[in-house]
Amino acid sequence: MIGPRITSGQMDGVSVHAGFPNPALDGSLDTLDLNRYLVTHPAGTYFMRVSGNDWQDVGIWDGDLLLIDRVVSPRVTDLVIWWEGEDFIISNLSHVPDKTPVWGVVISAIHIYREKA
């Protein structure tokens, strides 16, 4: 029996092909716009650089860039940013002290594997 057939297709700026396609011939692709994929509320979206390795178990490392949305309401399972003294703190929503306002919700983390040359 022959395995499943892979067909060419296009989905949100990502081209799917079998074999080795020529990208120059694929005029159906849009440009990749990370804002379109990651940012829902441009006026309420901020970036923060992480300092420390306390969140390695969830894939957030020292130096990573967090995308924070201040508009969305936090869910129970969300990582959130809140203010303590002079520092922003990352924690699960359930660990935010009572009556402490949540500053924003962590939407994504960007990890750089290789710095620009």
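Start with the whole protein chain in view: among contacts (heavy atoms within 4.5 Å) with a separation of 6 or more, 43% join residues 24 or more positions apart. This is a predicted model, in which local features need pLDDT of at least 70, side-chain atom pairs count only at pLDDT 80 or more, and totals for chains, interfaces and linings use all residues. Residues are numbered from 1 along each chain as its sequence is written, and side-chain values use heavy atoms, leaving out hydrogens and water.

Next, colour by pLDDT, the predictor's confidence in each residue, from 0 to 100. The chain's mean is 83, with 75% of its residues at 70 or more. Now select residues 1–10: here the pLDDT is below 50, and the stretch has 11 contacts in the model beyond near neighbours in sequence.

Switch to a cartoon view. You will find 1 helix and 7 strands, in the order β-β-α-β-β-β-β-β along the sequence. Helices (H or I, at least four residues) and strands (E, at least two) are DSSP runs, numbered from the N terminus.

Now select L32, in the loop between β2 (14–16) and α1 (34–38). Is L32 buried or exposed? It counts as exposed because its relative accessibility is 62%; exposed means over 50% relative accessible area, buried under 20%, and partly exposed in between (1.4 Å probe, protein chains only).

Finally, zoom out and show the surface. The protein chain exposes about 9300 Å², of which carbon and sulfur atoms supply 55%; accessible areas come from the Shrake-Rupley method with a 1.4 Å probe, and for residues only the protein chains shown count as cover. Of the 117 residues, 22% count as buried.
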